[in-house]
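Look at the sequence and the structure below. The paragraphs that follow go through the sheet strand by strand.

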Amino acid sequence: MTTGQPDTLPFTPVVIIGAGRSGTNALRDALTRLPGFETWPCDEINPVWRHGNLDWPDDEIPPERATPAARQSIRKAFRRIWWQQGTPDFVVEKTCANALRVPFVDAVLPEARYIHIVRNGFDIVASASKRWRGELEVPGLPYYLAKARYAPLSDLPRYVVSALKNRVAIKIGRQEHFDSWGPRFAELETLSGAPLNEIVARQWAACVSASDSAFANMAPGRVFQVRYEDFTADPQDSLTKITRWLETPREQETLRAAVSSVRASSVGKGQAAAEALPNTIKSVLEPPMRAHGYLDQE
């Protein structure tokens, strides 16, 4: 591959878009087990995406905020990791908050290809609620140190204070769940005191609806749509289709090894709890679920 003009990226960014608990980790990990695909050695890089827009009140950063300085900072981070990881053909990124700001991401990375992964909203409510309550937490210090390594130094104190405040309040029983977990959607500020399952439902619906709206205005060839349930049911087939779409087909044995750890054991776990959800919450979940084939069309 050639380096081209100074601002031309010598690789293809592959941006995985999905709400929290939608399978973005599993998909990224499968892709980056393939030769020629690399990513950051940490979970997400929201501090990289928000640098220069740290004072924006939520993660719904509009495209006009992709100033030359913000754009240069993010593209520099992609170039740096590309170089550090051995100059691969593809750099994969999967910050879930990007589901709320695809036009901003595209203003920064107009050459990107997108994989949009969607999961049944009922399962999301069951799974994401646990993360909001501080359950299913990954091992603390190594996880946060890995993320901190890629946060701009000037922004780091703010993230540290926010993370400590949330976790201490949970530990001492001052609050039942975090003030915020995952993509911070604009409506969150109006939901103080709302039931947690309503907050989670509205977060998921905001992410899926915002992504759907953005991708509807993008060239179809730049977006690959996949449902979590289809990916986990036959991950090798999904990865086969994705690599062909990226014009880098791989041998089936290579693909089989890449998806060997993907499991479908969590599919359907939210269905029983869904029966008890009030209609007000179901009405939030149903439009995006219907749009993605989880419910019958009316």
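How many bridges join β1 to strand β4? Four bridges connect β1 to β4 (residues 113-118), and the two strands run parallel. Within this pair, V15 has Y114 of β4 as its bridge partner. The model is predicted: local features need pLDDT of at least 70 and side-chain atom pairs count only at pLDDT 80 or more, while totals for chains, interfaces and linings use all residues. Residues are numbered from 1 along each chain as its sequence is written, and side-chain values use heavy atoms, with hydrogens and water left out. Strands are DSSP runs of E with at least two residues, helices are runs of H or I with at least four, and both are numbered from the N terminus. Two strands pair if DSSP finds at least two bridges between them.

Strand β1 (residues 12-17) is also joined to β3 by four bridges, again in parallel, with T12 opposite F90 of β3.

The five strands form an open sheet with parallel pairing, in the order β2-β3-β1-β4-β5. Because β2 and β5 (223-227) stand at the edges with a single partner strand each, one side of each has no neighbour in the sheet.

In a regular strand the side chains alternate between the two faces of the sheet. In β3 (residues 90-93), F90 and V92 on one side and V91 and E93 on the other are all buried, that is, under 20% relative accessible area with a 1.4 Å probe and protein chains only.

Helix α10 (residues 235-245) lies across β4 and β5 and runs at about 175° to β5. The angle is taken between N-to-C directions on a scale from 0 to 180 degrees, using axes fitted to C-alpha atoms.

Note on methods. Buried < 20%, exposed > 50% of the residue type's maximum accessible area, 1.4 Å probe, protein only. Contact = heavy atoms within 4.5 Å.
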